[in-house]
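The stops below go residue by residue, each with something to select and something to look for.

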Amino acid sequence: MAKVTGIGGIFYKVADPAATRAWYRDMLGIDASEWGANFAHEGPEAMTVWNPFKASTDYFEPSPAPFMINFRVDDLDTLIADLAARGVEPLGRLDESYGKFAWLLDPDGLKIELWQQIGGAS
């Protein structure tokens, strides 16, 4: 049987795509054209997670969007410091055995989860 092999992309509507792309470029280093940005998994331990949440979850708050984007990062502590220097404060921080996490809102009010993986894919 044929099967899905991974996430092919994330697509969503915003009021000003150019402004949103500029914010992601300036704040998170994502260099995207009008066609988007491509990410390559690095190393055998890399993974992409897909997980539906219950409709009643508050995990995506304070964003009203019914989804959240999780970005893998290579150095969460430095990125958070860089963002703070630009006036972007995280909504929260959490360190777990499998990774470090921080959350913020993009200029469109979408909640973003930043994740620095610790250890291998499980």
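Start by selecting Glu113, which is buried yet has no salt bridge. In this predicted model, the nearest side chain of opposite charge is Lys111, 6.7 Å away. Glu113 sits in strand S4, which covers residues 111-117.

Now display what surrounds Glu113. Leaving out residues up to four places away in sequence, Glu113 touches Tyr59, Met68, Ile69, Asn70 and Phe71, and also Phe101, Ala102 and Trp103.

**The salt bridges**

How many salt bridges does the structure hold? There are four.

Select Asp77 and Arg93 next. These two form a salt bridge, with their closest N and O atoms 2.9 Å apart. Asp77 belongs to helix H2 (residues 76-85) and Arg93 to strand S2, so the pair ties together parts that are 16 residues apart in sequence. Asp77 is partly exposed, at a relative accessible area of 35%, and Arg93 is also partly exposed, at 37%.

Asp77, Arg93, Asp95 and Lys100 are linked in a network of salt bridges. Asp95 is placed in strand S2, residues 92-96. Setting aside neighbours within four places in sequence, Asp95 is in contact with Lys100 and Phe101. Phe101 was also on the list of residues that Glu113 touches.

For a sense of distance, draw a line from the C-alpha of Asp95 to the C-alpha of Asn38. The two residues are 27 Å apart in space and 57 residues apart in sequence.

Then go to Arg25 and Asp26. Their side chains meet in a salt bridge, 2.9 Å from N to O. Arg25 is partly exposed, with a relative accessible area of 43%. Asp26 is partly exposed as well, at 39%.

Switch to a surface view and select Glu42, Asp74, Asp75 and Asp82. Together they gather in a patch of negative charge on the surface. Is Glu42 buried or exposed? Glu42 is exposed, with a relative accessible area of 72%. Its place is the loop between helix H1 (17-28) and strand S1 (69-72).

For the last stop, select Ile7, Ile10, Tyr12 and Trp50. These residues make a nonpolar surface patch of about 450 Å². Ile7 is found in the segment before H1. With a relative accessible area of 47%, Ile7 is partly exposed. That value is over the 30% relative accessible area required of residues in a patch.

Definitions and conventions
Residues numbered from 1 in each chain as written. Predicted model: local features only at pLDDT ≥ 70, side-chain atom pairs only at ≥ 80, totals over all residues. Heavy atoms only, no water. Patch = residues over 30% accessible without salt bridge, like charges linked within 9 Å, V, L, I, M, F, W, Y side chains within 5 Å. Areas by Shrake-Rupley, 256 points an atom, 1.4 Å probe, with all protein chains shown as cover. Lys, Arg positive; Asp, Glu negative; His and termini not counted. Charge placed at Lys NZ, Arg CZ, Asp CG, Glu CD. Helix = DSSP H or I, 4+ residues; strand = E, 2+ residues; numbered from the N terminus. Buried < 20%, exposed > 50% of the residue type's maximum accessible area, 1.4 Å probe, protein only. Contact = heavy atoms within 4.5 Å.
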